[in-house]
Amino acid sequence: MKFISPKTDFAFKKIFASQESKPILISFLNALVYHNQPLIQDLEIIDPYQSSPLPILKDSFLDVKAKLTDGSLVIIEMQVLQVESFARRVLYNAAKAYSLQLGKGEGYRYLKPVIALTITDFIMFPENNQVINHFEFREKSTNISYVENYLQLLFVELPKFQKQLEQLEELDELWMYFLKNAPSLDTVPDKMAQLPEFQQAFGIASQANLTRKELEELGKREMFIHDQQGLIIFAEKQGIKQGMKQGKEEGEKEKAQTIARQLLPLLDDETISQTTGIPVEEIRKLR
């Protein structure tokens, strides 16, 4: 058997965001958000789509949104491309989800907690080896929690997860292994086959259960992501080479401009701006 990669938006939403996949999402959130405790018994999956003026953003990150029985909102995003100001975007999306809960004239007492679960295919926090980092509001000197900690950020960095199949023990480890290694598996591992939610997840992820149209769409998504990753790597290498020829190290701004110049023939101005952090107006001047 061959399985599709859960890292593409098509596959991720198909596995976790359909109504029939509710048991899968409940297990996934209990494992990663609630440390393998079965605290979530039911939830409502909400259409998370928010239009973006940049095509690259539509295809480079994945979203699932769910409302728990207590009213709490969980936003799940899987980022496969490391883009400029991504950490700020995570905070912005969480704050926006929190503020948009209230209708006109409604009081603050109606606000419910928002949990932003972000899964990255790159390392965000090189200063520690933790695969999962959990952030919330705390007092700086005493470390006490804020009175109502209604905004929480969780990050799962897949490159840090290095456990092999025989080492997996907890439910969160099984899910991280699934996200990272599903395409390289030929059969469902025994440890996962014993759990109904994994049987269902692998069934959805099986290429044999996809139509030709779905497989073509999946291939386009994967090719787009691979192309973007290759372009960024190529541009960075070219920038380093040019800096060595000049016999000096470039500053951050100069390096970004060098990368931008390499991308001019390959990408549009908005995408180059997202990749390098240079304003669109400056990109146009470089062009």
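Phe-135 stands opposite Leu-153 in strand S6, in a pairing where S5 (residues 132-135) and S6 run antiparallel and are joined by four bridges. Strands here are DSSP runs of E with at least two residues, helices are runs of H or I with at least four, and both are numbered from the N terminus; two strands pair if DSSP finds at least two bridges between them. This is a predicted model, in which local features need pLDDT of at least 70, side-chain atom pairs count only at pLDDT 80 or more, and totals for chains, interfaces and linings use all residues. Residues are numbered from 1 along each chain as its sequence is written, and side-chain values use heavy atoms, with hydrogens and water left out.

| Partner of S6 | Sense | Bridges | Opposite residues |
|---|---|---|---|
| S5 (residues 132-135) | antiparallel | four | Phe-135 and Leu-153 |

Seven of the seven residues of S6 (residues 151-157) are buried, so the strand is largely enclosed by the rest of the structure. Buried means under 20% relative accessible area, exposed over 50%, and partly exposed in between (1.4 Å probe, protein chains only). In a regular strand, side chains alternate between the two faces of the sheet. One side of S6 carries Leu-151, Leu-153, Phe-155 and Glu-157, the other Gln-152, Leu-154 and Val-156, and both are covered.

Now for the loop between S5 and S6, where Tyr-146 lies. Tyr-146 counts as exposed because its relative accessibility is 54%.

Helix H10 (residues 269-276) is largely enclosed too, because six of its eight residues are buried. Among them are Asp-269, Ile-272 and Thr-276. Just after H10, Gly-277 takes a positive phi of about 85°.
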